[in-house]
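Visitor: Good morning. Could you take me through this structure, one topic at a time?

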Amino acid sequence: MTWIEGTSALLPERAFDVAVLTSHVAQFFVDDAEWARTLADLARALVPGGRLVFDARDPADRRWERWNPVDSHRVVTLPDGGEVRAWTKVTRVRDGVVDFTHHGEFVVVAGVGALAPVS
């Protein structure tokens with residue numbers, strides 16, 4: 001597997017058997033022209049017969065209604081034993097588009113890690 005950081009415009013031509021869009025990234029695109037450009041770039045980057053694979057949330061589930069600091073709160077344990085407290089907060093819902101922010105805050109655990117908030 002090769003991970004490429006950047007936009008789809010950077011992808012080489014006919015270089016991949018499969019392209020994977022992870023973590024619901026397909027729902028990042030709210031502009032039809034940008035989505036069409038991305039799909040065209042991915043088609044160009046795939047070999048003949050190549051596959052595009054992605055996951056997406058079911059909008060009927062209305063999961064964003066539970067994206068608040070209480071209901072979305074979770075603690076992630078890092079490999080070094082440190083912990084990150086994480087939550088998601090919706091900042092706006094308008095015209096079928098949900099804006100949100102993921103937050104993460106390092107937790108001080110005796111003898112492990114350091115305190116450094118991130119957002």
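Visitor: What pattern does the chain follow along the sequence?
Guide: Read along the sequence, the pattern is β-α-β-β-β-β-β. The chain has one helix and six strands; helices (H or I, at least four residues) and strands (E, at least two) are DSSP runs, numbered from the N terminus. This is a predicted model, in which local features need pLDDT of at least 70 and side-chain atom pairs count only at pLDDT 80 or more, while totals for chains, interfaces and linings use all residues. Residues are numbered from 1 along each chain as its sequence is written, and side-chain values use heavy atoms, with hydrogens and water left out.

Visitor: How much of the chain counts as buried?
Guide: Of its 119 residues, 19% count as buried. Buried means under 20% relative accessible area, exposed over 50%, and partly exposed in between (1.4 Å probe, protein chains only).

Visitor: Is Ala26 buried or exposed?
Guide: Ala26 counts as buried, because its relative accessibility is 12%. Ala26 lies in the loop between strand 1 and helix 1. Its C-alpha atom is separated by 6.6 Å from that of Ala56, and the two residues are 30 residues apart along the chain.

Visitor: On to pockets. What is the volume of the largest pocket?
Guide: The largest pocket has a volume of about 1,500 Å³. On a 1 Å grid over the protein atoms alone, a pocket is an open set of points where a 1.4 Å probe fits, with protein on both sides within 12 Å along at least five of seven lines; lining residues have an atom within 4 Å of a point. Grid points are joined across faces, edges and corners, and a volume is the space filled by probe spheres set on the points.

Visitor: Which residues are closest to its centre?
Guide: Of the 46 residues that line the largest pocket, the closest to its centre are Leu21, Thr22, His24, Val25 and Phe29. Strand 1 (16–21), helix 1 (32–45) and strand 5 (97–107) each supply at least two residues of the lining.

Visitor: How do the lining residues divide into nonpolar, polar and charged?
Guide: The lining has 24 nonpolar, eleven polar and eleven charged residues. Ala, Val, Leu, Ile, Met, Phe, Trp, Tyr, Cys and Pro count as nonpolar, Asp, Glu, Lys and Arg as charged, and the others, Gly among them, as polar.

Visitor: How many salt bridges are there in the whole structure?
Guide: A search of the whole structure finds seven salt bridges. A salt bridge is a side-chain nitrogen of Lys or Arg within 4 Å of a carboxyl oxygen of Asp or Glu.

Visitor: Which residue forms a salt bridge with Arg85?
Guide: Glu105 is the partner, with the closest N and O atoms 2.7 Å apart. This pair links distant parts of the chain, as Arg85 is in strand 4 (residues 83–94) and Glu105 is in strand 5, 20 residues apart. Arg85 is partly exposed at 29% relative accessibility, and Glu105 is partly exposed at 26%.

Visitor: And what about Asp95 and Arg94?
Guide: Their side chains meet in a salt bridge at 3.7 Å, N to O. Asp95 is exposed, with a relative accessible area of 70%, whereas Arg94 counts as partly exposed at 45%.

Visitor: Which residues are linked in a network of salt bridges?
Guide: Asp61, Arg63 and Arg66 are linked in such a network.
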